[in-house]
Amino acid sequence: MINRLLRVPGRSTSRTDDEDASSAAVRLADVTHEYGSSGSRFRSSRDRTVTALRDVTLEIGPDEVVGLQGPSGSGKSTILHAIAGLLVPTEGTVRLLDTDLSTLSDRGRTRVRREHVGIVFQRFYLLSSLSARANVALPLVQAGVPKRHRRKRATELLEDVGLGDRATHLPNELSGGERQRVAIARALAPDPDVLVADEPTGELDTGTGAEVLELLTTVGRDRAVVLASHDEDTLSIADRVVTLRDGRVIDDGR
Ligand code: ADP
């Protein structure tokens, strides 16, 4: 049986049109990020800029699971946001597959994110008025996938995360672990090349967290996964753990 938590067979990522392209799924080069640095309404009176990343260089392979660890405020989430194109760093480049995200318009970055990146948050962020299946199908609505295909893909993904019998349940009818599994299914719906997860077990007890980690381990078998976490169990599923301090990589885990 095809495991639909893995990549869709036959879908391959073209890397042929860029001579410099490496085999990396993600490549951050000399990335520095200051929050509040450009056009900030705080700038004039008091300097409220925060340097969240300093000269970060990091490469993540196409089927590598990388953990990001470091104290709170060390820049883990900022790296995830930069990879997902949710922010453009003040300096340096972020390449996702062949694409330098900093060269794209906001619209272009949104498109690349929708097609290539799945995002899992600590707090799930499911839409409370939609069923589990409709939540999973949501990224496919944005991608213009026909309804029948959306429904099929969402149903299958829910089966694969062990929630085939919960498809019509609303988020508040599900446990925390079940909600996170729905959120993972949603992140996988467009078959992303890269999954980023910010404290994916942060809201879960140990047993439920272990189920979610098992799922993420499967998901990471053939795609890049970047996990930011404080939790040792979560970091233990990574092939490599990168350590950050004050926005710098102090150990890249190699
Ligand atoms: P971590 O995920 O390791 O806790 P973050 O990437 O969230 O770290 O934060 C890195 C630094 O950037 C921290 O000093 C934090 O306060 C600051 N920061 C994060 N988000 C913002 C924001 N939207 N505006 C201003 N500062 C921020």
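Reader: In what order do the 4 strands form the open sheet, and what is the pairing?

Author: In this predicted model, the order is E2-E1-E4-E5, and the pairing is antiparallel.

Reader: Why are E2 and E5 said to stand at the edges?

Author: Each of them has a single partner strand, so one side of each is left without a neighbour in the sheet.

Reader: What makes E4 and E5 count as a pair?

Author: Pairing takes at least two bridges between the strands. E4 (residues 91-96) and E5 are joined by 2 bridges, so they meet that definition. As for who sits across from whom, Arg95 has Asp100 in E5 as its bridge partner.

Reader: Which strands does H1 touch as it packs on the sheet?

Author: H1 touches E1 (26-35), E2 and E4, and its direction makes about 60° with that of E2.

Reader: Which element gives the largest share of the shell around the ligand?

Author: That's H1, with 3 residues. Among the residues surrounding the ligand are Tyr35, Val50, Lys76 and Thr78.

Reader: How many residues of each class does that shell have?

Author: By class, there are 4 nonpolar, 6 polar and 1 charged.

Key. Residues numbered from 1 in each chain as written. Predicted model: local features only at pLDDT ≥ 70, side-chain atom pairs only at ≥ 80, totals over all residues. Heavy atoms only, no water. Near = heavy atom within 4 Å. Nonpolar A, V, L, I, M, F, W, Y, C, P; charged D, E, K, R; others polar. Contact = heavy atoms within 4.5 Å. Axes fitted to C-alpha atoms, helices over the stretch in contact; angles between N-to-C directions.
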